[in-house]
Amino acid sequence: MSNLNGVIEEINRLRKEKNAVILAHNYQLPDVQDIADYVGDSLGLSQQAAKTEADIIVFCGVHFMAETASIISPDKKVLIPDHDAGCSLADTINLEKLKEWKEEHPEAVVVSYVNTSANVKSETDYCVTSSNAVQVVKAIPADKKILFLPDMFLGAYVKKVTGRDMEIWPGECHVHAGIKVKDIKAMKKEHPKADMIVHPECGCTTTYLYQSVENGNLPDDIKFLSTGGMIKHAIESEADEFIVATETGILHRMKKDNPDKTFIPANENAVCEYMKMITIEKVLKSLQEEVFEVKVPTGIAVKAKKSIDRMLEISPI
Ligand code: SF4
């Protein structure tokens, strides 16, 4: 038996014995996606965390996502296989910096992209994802000033589309500043028959969203789809080729489902090294030793959850 098969067998044995569920983000390594009970985007994973009957959640993603799972499911034991799997975008702001910013604008409403720590969410009025940020901001009374954080490209995009009075935190995801409109246009020229699909998760496509609006408007021939929508589209579309604008990890599932179709990353360097820190061996260690637990203190979790609930009231998933 190969070492990999041995690792998989042991993971399966422990998952059953400990009543654990393995959740993996779309940007995880292929081996990790293949062993997971559920693969999806950060909100999809949080929903799974909320409804699971498992006692242990092994969260294969980055730290803020595991914290979100802990906020939503406070009675579960949430483990992350590598404690250093952070997020450069979430790390651009912390509680102290946010409090200082709020003091400068005491009348403002705070809107945070989901890529933030639990501490930052606890001082946030509305949490948003890239797919519902415009809708949530539009629902905030028009006379209110907005502090938007931490993604400056998503913030600039929302400000442009809504025309709201908005201060924007200068944070960006260093990994994916690479997915640019000019590169996508060049790619489209090279593959004229390809379907162009974009998954608006994480910081990886927010530069693109912003530049598209700066250049006029979002092109009609580009489809913005959720993970489920992307997977469905790849199966149902008559196209043989697809240009995929997001972190390259998402291509694994699409290739698996459609072995006869070609999936081309819009930028093959769009790889999040934090996501790739989690290996299948670390998943096994996590289950064996029940490490590394991510537990958000109750007071913080209760406040942070309010910002997520407010988002869900405006934009149910
Ligand atoms: S892709 Fe960027 S925003 Fe997403 S987890 Fe990685 S560093 Fe953070």
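The following legends describe close-up views of a predicted model of one protein chain.

**Figure 1. Overall view of the protein chain, with its 14 helices and twelve strands.** The radius of gyration is 20 Å, close to the 20 Å that the globule rule gives for 317 residues, so the protein chain is as compact as a globular protein of that length. The C-alpha trace spans about 65 × 55 × 30 Å along its principal axes. Of the 317 residues, 46% count as buried. Among contacts with a separation of 6 or more, 68% are accounted for by residues 24 or more positions apart. The protein chain is divided into domain 1 (3-87 + 275-298), domain 2 (90-174) and domain 3 (181-265).

**Figure 2. The contact between domain 1 and domain 3.** The centres of these two domains, taken over C-alpha atoms, are separated by 27 Å. Eleven residues of domain 1 are in contact with seven residues of domain 3. On the side of domain 1 that touches domain 3, the elements giving two or more residues are H2, strand S2 (38-40) and helix H3 (42-51). The residues on this side of domain 1 comprise four nonpolar, six polar and one charged.

Figure 3. An α-helix has 3.6 residues a turn, so residues three or four places apart point the same way.

**Figure 4. Val58 within the largest nonpolar core.** This core has 90 residues, of which Val58, Phe59, Cys60 and Val283 touch the most other members. With residues up to four places away in sequence not counted, Val58 touches Ala20, Ile22, Leu79 and Pro81, as well as Val283, Ser286 and Leu287.

**Figure 5. The loop between H13 and helix H14 (298-314).** Glu290 lies in this loop, just after H13. Its phi is near 55°, a positive value in a residue other than glycine. Glu290 is partly exposed, with 15 other C-beta atoms within 10 Å. The loop also contains Phe292. A cis peptide bond joins Val291 and Phe292, with omega about -10°.

**Figure 6. Asn19 in the loop between H1 and S1.** Phi of Asn19 is near 50°, and Asn19 is a residue other than glycine with a positive value. Asn19 is exposed, with 11 other C-beta atoms within 10 Å.

**Figure 7. Phe148 in strand S7.** Phe148 is buried, with 26 other C-beta atoms within 10 Å. Leaving aside neighbours within four places in sequence, Phe148 is in contact with Val111, Gly155, Val158, Met166, Ile168 and Trp169. Val128 is 20 residues from Phe148 along the chain, and the C-alpha atoms of the two are separated by 9.9 Å.

**Figure 8. The cis peptide bond from Leu149 to Pro150.** Omega of this bond is near -15°. Pro150 has its place in the loop between strand S7 (146-149) and helix H8 (152-162).

**Figure 9. Helix H10 (residues 206-214) and the elements that it packs against.** Thr206, Thr207, Tyr208, Leu209 and Tyr210 are buried in H10. The buried residues of this helix pack against H8, helix H9 (181-190) and strand S11 (241-245).

Note on methods
Residues numbered from 1 in each chain as written. Predicted model: local features only at pLDDT ≥ 70, side-chain atom pairs only at ≥ 80, totals over all residues. Helix = DSSP H or I, 4+ residues; strand = E, 2+ residues; numbered from the N terminus. Core = buried A, V, L, I, M, F, W, Y, C linked by C-beta atoms within 7 Å. Buried ≥ 20, exposed ≤ 12 C-beta atoms within 10 Å, placed from the backbone. Contact = placed C-beta atoms within 7 Å. Domains from an automatic or database assignment. Nonpolar A, V, L, I, M, F, W, Y, C, P; charged D, E, K, R; others polar. Rg over C-alpha atoms; globule rule 2.2 N^0.38 Å.
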